Amino acid sequence: MAALDDDVTAAPRSKAEAAEGDDAVARWWLDIADVRSLIKSVAAGTAPANWVDMLLAGARIVDVNQNTVHLVGSYAGRKGMIGARAISYWPREGHAPLAELIVAAVTDSISRDAKTRTITSLAFVDPALSVSAVAHDIVFVALSGTPVDQRSLWGVRASEERYRNLIHHLPIALLQVDSTPITAIFDNIRLEGVTDIARYLAETPELVAHASRVVQITDVNRNAIQLLGADCSTQCIGPIGFLFSASPETARRVIAAHFKGRRSHAERTRLQTFDGRLRDVELTVTYPTPPERLDVTLISLEDVTDRVRTETQLRQLQGEYSRAARISMLGELATSIAHEVNQPLAAIVTNAETSLRWLARPEPNLAKVEQLTVRVVESARVASEIVQRIRGMASQGAPERVLLDLGAIVEEALLFVRHEIETSSIGLSVVTEEHLPRVLGDRVQLQQVIVNLLLNAVQALAHGAASHGSIEIATAIDADAVVVTIRDDGPGIDPENLDRIFGSFFTTKDDGIGVGLAICQSIIAGHGGAITAANRATGGAAFRVSLPVARSAALPIVPAR
């Protein structure tokens, strides 16, 4: 098949080319003899679903001009293109428009005017495609518009193919999204004077629903198909709404981040797959910014279901581990607990017996009996509170984060160990700063930390050279944190052990199992704080617990007394 001539740009070859004039950037002549029957079946509505690619694969290039060679030609140049299939060189995004216009031009036997349509092109600004039949089996194609730059479309296509291959072979689920329809929505919202986008979206849920319909997924890679439980990529292409069906709040946050102009947004959310599974995923959205293509937003999904399940199991195991340590600690404090409970019980017995004696007199003193009965009730309440504290310390309930006064936590913890301190003749100094800011935490867990540190101090003094010793407890404010410091004047910590004293199963006690300080560190870290240990210059050890001030605690509270 020969070219029309060696100078295809010298003069127009048809009415269509003449109509395009000098604005026609790229000109093609295609031989459609091999696809005549296919064109007829398209016109009759009986063509197969893949007729577009079939038509372009059957249409052969008769000739092209130099602009076409520059835009889409390979290293073989114009002569290498002649005789090739049109599908080998025509840009992918223009396959359907070209095939449809060829059918329209060939089947219109009355009007021989060119068929024209505006299309999308990687290489042109506002490109227009024009097709007309110029001979029995020859159609003329003209692509007009302003080139984006001087790069060849061949290079752009190669870059696009490399991009597609990269996306489809990355070992993470990726979705390409066209979010340009939401730009106009954002413009209207800003014209209304909206600045608090989160509140606006909460008040107008229909906007989120609309965005979920108009924002489209345009491409997915193989990992995304597998994660979403789809049969093929086509099942995933379309409105993005299904991605947020299990977590509508995520959709609002993704839209809000886009509205605020953020470069990216990431969060852990839940995903309902096409095959009915519910998965935990790490979702990351990367929004485009000029001069990037504004119709390409990338969403990556990482399946973390197994990780979340493991983390949940670890938290449960840690809770059981912590509870076992508390029960073990309560066993060590059995003498103190018995002493604490015995005091109100002894008071109850004494007051009840005295009341009976007053009632046994010939003239009962009812006023005195009433006074003693009140004391019985107060002592019983004290005993009940002690039992409740012990039950709370041994409970298996899930941690409950509430606003707490750390000074009150220290005082409650002292109730557990005060008898141990007194029977060992240990001096105790407590300095609690007034009006401490509140911290957000679990009361029982924080009590466990303070009790454990106090019990360690008592045991250190019991094994020290000193006959008695002393313990100092102080609370204070340090920047944005509330600090509790527990010091003793015992033998201190072996310098070799300072770096591993909080390690699991590390202990210096003959009968210890080394879990107490490890659990303390875990609890404090879980509260966003820190715990450290050091030796004092004057002798003894010092433990420092720091917890962040609760952000919602605008005003301090007075510690309970």
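Which residues make the nonpolar surface patch of about 320 Å²? Let me start there. This is a predicted model. The patch is made by Leu 356, Leu 359 and Leu 366. Take Leu 356. Leu 356 lies in helix H15, residues 334-360. Its relative accessibility is 58%. The cut-off for exposed is over 50%, so Leu 356 counts as exposed.

Now to the aromatic rings. A pair of rings is described by the distance of the centres and the angle of the planes. The count here comes to 4 aromatic pairs. I will show two of them.

One is Trp 29 with Phe 140. Centre to centre, they are 5.1 Å apart. The planes make an angle of 55 degrees, and the pair is tilted. This pair links distant parts of the chain. Trp 29 is in strand S1, residues 24-31, and Phe 140 is in strand S5, residues 138-147. Phe 140 is at 0%.

Next, Phe 186 and Phe 259. This pair is edge-to-face, with 80 degrees between the planes and 5.3 Å centre to centre. Again, distant parts of the chain are linked. Phe 186 belongs to helix H8, residues 181-191. Phe 259 belongs to helix H13, residues 248-259. They are 73 residues apart. Both Phe 186 and Phe 259 are buried.

Stay with Phe 259 for one more contact. What sits over its ring? The charged end of Arg 190, at 4.3 Å from the ring centre.

Conventions: Residues are numbered from 1 along each chain as its sequence is written. This is a predicted model: local features need pLDDT of at least 70, side-chain atom pairs count only at pLDDT 80 or more; totals for chains, interfaces and linings use all residues. Side-chain values use heavy atoms; hydrogens and water are left out. Rings of Phe, Tyr and Trp (its six-membered ring) pair if their centres lie within 6.5 Å; planes under 30 degrees apart count as stacked, over 60 as edge-to-face and the rest as tilted. Helices (H or I, at least four residues) and strands (E, at least two) are DSSP runs, numbered from the N terminus. Buried means under 20% relative accessible area, exposed over 50%, partly exposed in between (1.4 Å probe, protein chains only). A charge sits over a ring if NZ of Lys or CZ of Arg is within 6 Å of the ring centre and within 35 degrees of the ring normal. Patches are made of residues with over 30% relative accessible area and no salt bridge: like charges are joined within 9 Å, nonpolar side chains (Val, Leu, Ile, Met, Phe, Trp, Tyr) within 5 Å. Accessible areas come from the Shrake-Rupley method with a 1.4 Å probe; for residues, only the protein chains shown count as cover. A salt bridge is a side-chain nitrogen of Lys or Arg within 4 Å of a carboxyl oxygen of Asp or Glu.
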